[in-house]
Amino acid sequence: MTNIVLCSGSSHQDLSQRVADRLGLELGKVVTKKFSNQETSVEIGESSGCGEVNGNLMELLIMINACKVASSSTVTAVIPCFPYARQDKKDKSRAPISAKLVAKMLSVAGADHIITLDLHASPIQGFFDIPVDNLYVEPAALHWIRENITEWRNCITVSPDAGGAKRVTSIADRLNVEFALIHKERKKAKEVDRMVLVGDVKDHVAILVDDMADTCGTICHAADKLLSAGATKDKMKHCSKIQVIDISMILAEAIQRTHSGESASYLFSHVPL
C-alpha cells in the first residue's frame, strides 16, 4: 500500500499496532501530551472513544485537523468505539443529542470518511454528511463461538434488553439456534429494578450478547436470571477472565479496501484471515 500514513492516538495503541502489522505498515510518528491545564497537544511527525473519552476524542479531532492542514488529500478516522453513541436521541425535554454533536465535530475537524464498529444506534450514520462504514464484529464473534464453545449447537442467544433484539436474532439465525430476551425495568439510570425473561432457556447454553457495558450490572443480573430459569451454562458468568476477540483484521481490511476504492460490504459477513 502506497501513499498512506497510519497514525494512532493513545486510546487504542495495541489495536493500532496490530492493524499496522497486518497492513505491512509502520505506525506514523505521533507525539501526544497534556499541558499543565490539561489541554491536549498533538504533533504529527509524518506527512478514537474508549478509556478517557473526552481526552481521546479531543486528541482525535486535533489529529484530523493536523493532517488536514498538512495537505493530506483525504483523512479517514477509524473509531472502534464511537463516543457518546448512547446519546443518539432527545429522550428528555432539555437533553442534548451528543452523538450528533460528535459527528459535526469530526466533519468540521476535516474528516472525509469514518470507519467504526457496531454503532449503538445505526441512525447515527445519518448524523454525518460524509461516508460512514459501520462494520460489525458479528462475523468474528460467530467464528469465536464455533471454535471455543463445544456445545454451541445447543446454545440459545440472549439479549439482556429489548433494544438488542435485532443483534441477537441475527446471531441466532447465523448459528441456526433459538433466541430469548430479557425485559429490564429501571428505577433510575444504571440501576436495574426487575428483569423478565421472554423465552425458554432450560437445558441450553446461554450466550448473552450486548454491544457495550458500563458497570456490567445488567449482564450479571441477566446471567443470574438465566441460570435460575434452567440454563445449563452462561460463559460470562463462569469466566474467570475477560477474553478479547482480535478485530484488527477487520479494521485492516477495511482500511485497505477504502484506500483501493473497493467495497467494504464483504466485511459484513466474512472474517478476513
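The chain has a mean pLDDT of 82, and 87% of its residues reach 70 or more; pLDDT is the predictor's confidence in each residue, from 0 to 100. This is a predicted model, in which local features need pLDDT of at least 70, side-chain atom pairs count only at pLDDT 80 or more, and totals for chains, interfaces and linings use all residues. Residues are numbered from 1 along each chain as its sequence is written, and side-chain values use heavy atoms, with hydrogens and water left out.

**Confidence by element**
- Helix 3 (residues 98–109) has the highest mean pLDDT among the elements of the chain, at 93.
- Helix 7 (residues 235–238) has the lowest, at 58.
- Helices (H or I, at least four residues) and strands (E, at least two) are DSSP runs, numbered from the N terminus.

- Three strands form an open sheet in the order 3-4-5, with parallel pairing.
- Strand 3 and strand 5 (132–135) stand at the edges, each with a single partner strand, so one side of each lacks a neighbour in the sheet.
- Neighbouring strands of this sheet are turned by 10° against each other on average, direction ignored.
- Strand 3 is joined to strand 4 (residues 113–117) by four bridges; two strands pair if DSSP finds at least two bridges between them.
- Thr 76 has His 113 as its bridge partner in strand 4.
- Helix 8 (residues 248–260) lies across strand 3, strand 4 and strand 5.
- Helix 8 runs at about 160° to strand 4. Axes are lines fitted to C-alpha atoms, for helices over the stretch in contact, and angles run from 0 to 180 degrees between N-to-C directions.

**Helix 2 against helix 3**
- The axes of helix 2 and helix 3 are 8 Å apart, at an angle of about 25°.
- That makes helix 2 roughly parallel to helix 3 (angles under 35 degrees count as roughly parallel, over 145 as roughly antiparallel, 65 to 115 as roughly perpendicular and the rest as oblique).
- Helix 2 contributes Leu 57, Leu 60, Leu 61, Ile 64, Asn 65 and Lys 68, which meet Val 102, Met 105, Leu 106 and Ala 109 in helix 3. Contact means heavy atoms within 4.5 Å.
- The residues of this contact divide into eight nonpolar, one polar and one charged (Ala, Val, Leu, Ile, Met, Phe, Trp, Tyr, Cys and Pro count as nonpolar, Asp, Glu, Lys and Arg as charged, and the others, Gly among them, as polar).

- Five of the five residues of strand 6 (residues 155–159) are buried, so strand 6 is largely enclosed by the rest of the structure. Buried means under 20% relative accessible area, exposed over 50%, partly exposed in between (1.4 Å probe, protein chains only).
- Cys 155, Thr 157 and Ser 159 point one way from strand 6, and Ile 156 and Val 158 the other way.
- Strand 6 runs parallel to strand 9, joined by four bridges.
- Leu 208 in strand 9 is the bridge partner of Val 158.

**Val 196**
- Val 196 sits in strand 8 and is partly exposed, at 30% relative accessibility.
- Lys 184 is twelve residues away in sequence and 6.5 Å away in space, C-alpha to C-alpha.
- Beyond neighbours within four places in sequence, Val 196 contacts Leu 181, Ile 182, His 183 and Lys 225.

**Positive phi**
- Ser 71 has a positive phi of about 75°, although it is not a glycine.
- Ser 71 lies in the loop between helix 2 (53–69) and strand 3 (76–79), and is exposed at 65% relative accessibility.
- Asp 203 has a positive phi near 65° and is likewise a residue other than glycine.
- Asp 203 lies in the loop between strand 8 (191–198) and strand 9 (205–208), and is partly exposed at 47% relative accessibility.
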